[in-house]
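Let's take a walk through this model, from its loops and helices to its cores and one of its pockets. Have the sequence and the 3D view open as you read.

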Amino acid sequence: MDDEEKIGLRNEDLKEKSSPEATPPLFLAPVNWFKKLAQEMHWSFVFGVVVVYGVSQGMGGALSRVASDYYWKDVQKVQPSQTQFYMGITSIPWIVKPLWGILTDVVPVAGYKRRPYFILAGLIGAISMLILSLSSSLHVGAALLCLTAGSAGVAIADVTIDACVAKNSTNHPGLAGDLQSLCGFSSSIGALLGFSISGLLVHLIGSQGVLGFLSVPAVLVFLVGAILNEPCMQNFVYREVHQKFLGAGKSMWVTLKCPDIWRPCLYMYISFALSLNIQEGLFFWYTDKTAGPAFSQEKVGFIFSFGSVGAFLGVLLYQNILKEYPFRDLLFGSQLLLGISGMMDLVLVLRLNLKFGMPDYLFAVLDESVTRMVGQLKWMPLLVLSSKLCPPGIEGTFFALLMSIDNFGLLTCSWFGGLLLHILKVTRTEFGNLWVAILVRNVMRILPLLVLFLVPKSDQQSTMLPLDTVNGKEEQEVREQDDNIELVALVDNSR
């Protein structure tokens, strides 16, 4: 009898170990993951990451992309070339990201280094978006100022949350990978959701209504600043701010003069600047009822949402197959593919897809997906290259400088794309030369291959900078002056 009882007890123990309660269900894994991060780094920080990356940049950026296009087209009634120029201006706050980064690092407000900047970003974003939404006859200049202010709000919040992420990655090195996954997951899901509903929202409440709705993410950013768990600094000496600014600027200038650094930087700028952006001309043609396929707002939103899926596939392809290739080989292939894939726009504008029996909407979805995937294949190695160009001691601020160089290249390609549309007389109703603009753009995308020698031949796992490049006497003096500056990873997620 005793043996039977022992066997029975063993069976009960085995049942308990194999029961669902012993192993949490799969659908609870994300919840437990969030709980783990919240316990280790405080729930207000996790909330801030989700709000800034997922709601403000991801969903808000997607909604802003579609709503802004329709706002310039239907409300302000400007030409495609003008829209291209205005969209470039709204990206200027992202070019000065190092300034926001240094401000959050060395200029605390009321004893706090992060919270006031979240509050400022939220206020700027909410006020500017409400003005756009509630003003029925806003002047073009005032509308441009509001959109630029809204972009500045998102950029300031981005830099500030980047600083928080970098600090927590340093304090919890074992969770650094989890933090990057949280950032990427929030941004991807937010963008996909935003693009999926953007067209429907524009159809229901109009472009101004959607821009007004963007005040909600801004209010959430404001809330992050109100509740973020951050220690208060006591007795900060503001007289040292000027010296700290000079020290940070000098250290970046000394580093940028190194040939091993400025040469790849020059390539990155050229590769973006020559890839002319004529997206606004294509958008006006997409929605034209006479010359174009007359896509509805809902269809335009879904086309962009499939583009987000393509970008995600590009990340997976790079991570699993291409990350072992040398920089030159990968950048050569991605830049070449960027020019070739642009021919899909030419096929669509000339309506050649109809001759093969493929509807415009289906081909546009395929076009956007492939273009975004190839663009991501180009962007990923450039991110790795940028991270390897950052010398020890000034990694964060210098990485922000490199991202600003890339954004300045994007500004250049946007303005030159607008100039090309203007020269070819592509207007709101005239698209006869749009195919020429596409052809010129595709040829220009190939030209950066001529300066590919500026990129090092090394593979993506090797160390690129020699020690004498970053440990010289002059830089050492700068670093000693700048020891008390908190330098953080300021990563660009919007563009």
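## Starting from a loop

Where is Met233 found? Look in the loop between α10 (215-227) and α11 (241-256); helices here are DSSP runs of H or I with at least four residues, strands are E runs of at least two, and both are numbered from the N terminus. Met233 counts as partly exposed because its relative accessibility is 30%; buried means under 20% relative accessible area, exposed over 50%, and partly exposed in between, with a 1.4 Å probe and protein chains only.

Some ground rules before going on. This is a predicted model, where local features need pLDDT of at least 70 and side-chain atom pairs count only at pLDDT 80 or more, while totals for chains, interfaces and linings use all residues. Residues are numbered from 1 along each chain as its sequence is written, and side-chain values use heavy atoms, with hydrogens and water left out.

The largest nonpolar core has 55 residues, and Phe45, Val49, Phe118, Ile161, Val165, Tyr267 and Leu402 touch the most other members. Helix α8 (residues 140-171) supplies the largest share of this core, seven residues. A second, separate core holds 49 residues, including Met59, Leu132, Leu138 and Cys146. By core I mean a set of buried Ala, Val, Leu, Ile, Met, Phe, Trp, Tyr and Cys residues joined through side-chain atoms within 4.5 Å.

Where does α3 bend? At Gly60, by about 35°, taken as the angle between axes fitted to the seven residues ending there and the seven starting there. Most of α3 is covered, with 24 of its 33 residues buried, and just after the helix Lys77 takes a positive phi of about 55°.

Compare helix α14 (residues 297-322): its 26 residues reach 36 Å from first C-alpha to last, close to the 38 Å expected at 1.5 Å a residue. Its buried residues include Gly301, Phe304, Ser308, Ala311 and Tyr318. As a reminder, an α-helix has 3.6 residues a turn, so residues three or four places apart point the same way.

Helix α13 (residues 279-286) is largely enclosed by the rest of the structure, because eight of its eight residues are buried. Among them are Glu280, Phe283, Phe284 and Trp285.

In the loop between α12 (259-273) and α13 you'll find Leu276, which counts as buried because its relative accessibility is 8%. Trp262 lies in α12 itself and is partly exposed, with a relative accessible area of 36%. Trp262 pairs up with Leu454: 192 residues apart in sequence, 8.9 Å apart C-alpha to C-alpha.

## The second largest pocket

This pocket has a volume of about 330 Å³. Among its 18 lining residues, Arg114, Lys167, Asn229, Glu230 and Pro231 are the closest to its centre. The elements giving two or more residues to the lining are α3 and α8, and α8 gives the most, with four.

On the method side, a pocket is an open set of points on a 1 Å grid over the protein atoms alone, where a 1.4 Å probe fits, with protein on both sides within 12 Å along at least five of seven lines; lining residues have an atom within 4 Å of a point. Points are joined across faces, edges and corners, and the volume is the space filled by probe spheres set on them.

## Positive phi in two loops

Ala110 has a positive phi of about 55° although it is not a glycine. It sits in the loop between α6 (97-106) and α7 (115-134) and counts as exposed, at 62% relative accessibility.

Lys425 is also not a glycine, and has a positive phi of about 60°. Its loop runs between α19 (395-423) and α20 (434-446), and at 61% relative accessibility Lys425 counts as exposed.

Terms used. Expected span 1.5 Å × (residues − 1).
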